[in-house]
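This report describes the strands and helices of one protein model. Please keep the sequence and the structure in view while reading.

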Amino acid sequence: MSEILRCENVIVSFGGVIACNNITLGIEEGKVVGLIGPNGAGKTTLFNVLTRFQDCDEGKLFFDGRDIGRHKPHEMAPLGMARTFQNINLFSEQSTLSNILIGAHHRIGNPFANMFGLPSARSNERALVEKAEYIAEMLRLTDDLDNPVKNLPYGHQKRVEMARALAGDPRIILLDEPVAGCNDEETADLKEIVRRVNQDLGITVFLVEHDMSMVMSICDHIYVINFGANLAEGTPAEIQQNPEVIKAYLGEEEDA
């Protein structure tokens, strides 16, 4: 399998504080890959770099072998990359369906056809709605399609954000703490949904998550960073037995 996403020697600093210190990693297409590390290790900063919300001071970024170092955030969805954020960022007054459709904005088609209501535009709109409804069914949101998202439980809002990212037909989705703030039932639901996204839709998944039981149960490969630098990588079994990883997490617990 080839790598769909790769970064090499990424360095990011904020006012002299190094957030990412020479990080290199590659995401194999078709896999579920985890990124873990103590709080402040640089995980979200790296996600922001990979999705082009943050520039790096040094380093190279590649999507499917293509250099994306100069790309802007809005250029990533058409390439086949989508993401979610730590904090839910939905249009709370809009319906679930409307929020999902926003994720397909780059697939709307010819703006002139849309402006004049041509048959091709109406056909495209129907196709997008049908795809949104299919995604909603997969994520068990069918009963919520007409509801404003502000009225949905927290776990359902997390699903809506994931559905919106999937609406753009990505090849890879980056999930930033997908189960943060969720209860046990919501976490179990989202864990199963991530599996289905990967296995049924064939979408590569790269996730940051602090829930180790989720990471260890669904990831094919895991990267560990600490103090902004590569610490370890391997299968879940290898990571669980790695003394450097154990030391880093034990150190975090002792400092708490």
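Strand β1 (residues 3-14) and strand β2 (residues 17-28) run antiparallel and are joined by nine bridges. Strands (E, at least two residues) and helices (H or I, at least four residues) are DSSP runs, numbered from the N terminus, and two strands pair if DSSP finds at least two bridges between them. The model is a predicted one, in which local features need pLDDT of at least 70 and side-chain atom pairs count only at pLDDT 80 or more, while totals for chains, interfaces and linings use all residues. Residues are numbered from 1 along each chain as its sequence is written, and side-chain values use heavy atoms, with hydrogens and water left out.

Within this pairing, Ser 13 stands opposite Ile 18 in β2. The two strands form a hairpin with two residues between them, and Gly 15 in the turn has a positive phi of about 55 degrees. Strand β1 is also joined to strand β4 (residues 58-63) by five bridges, again running antiparallel; here Arg 6 stands opposite Phe 62.

## The six-stranded sheet

An open sheet is formed by six strands in the order β6-β7-β8-β3-β9-β10, with mixed pairing. Its edge strands are β6 (81-83) and β10, each of which pairs on one side only. From one strand to the next, the twist averages 20 degrees; axes are lines fitted to C-alpha atoms, for helices over the stretch in contact, and angles run from 0 to 180 degrees between N-to-C directions.

Strands β6 and β7 (residues 172-176) run parallel and are joined by three bridges, with Ala 82 opposite Ile 173. By contrast, β9 (residues 221-226) and β10 (residues 229-234) pair in the antiparallel sense over five bridges. The bridge partner of Ile 222 is Gly 234 in β10. These two strands form a hairpin with two residues between them, where Phe 227 in the turn has a positive phi of about 50 degrees.

## Helices

Helix α7 (residues 184-199) lies across β3 (32-36), β7 and β8 (204-208), and runs at about 150 degrees to β8.

Helix α1 (residues 43-50) is largely enclosed by the rest of the structure, because six of its eight residues are buried (under 20% relative accessible area, with a 1.4 Å probe and protein chains only). The buried residues are Lys 43, Thr 45, Leu 46, Phe 47, Val 49 and Leu 50. Helix α6 is mostly covered, with 11 of its 13 residues buried, including Gly 155, Val 160 and Leu 166.

How values were computed. Buried < 20%, exposed > 50% of the residue type's maximum accessible area, 1.4 Å probe, protein only. Contact = heavy atoms within 4.5 Å.
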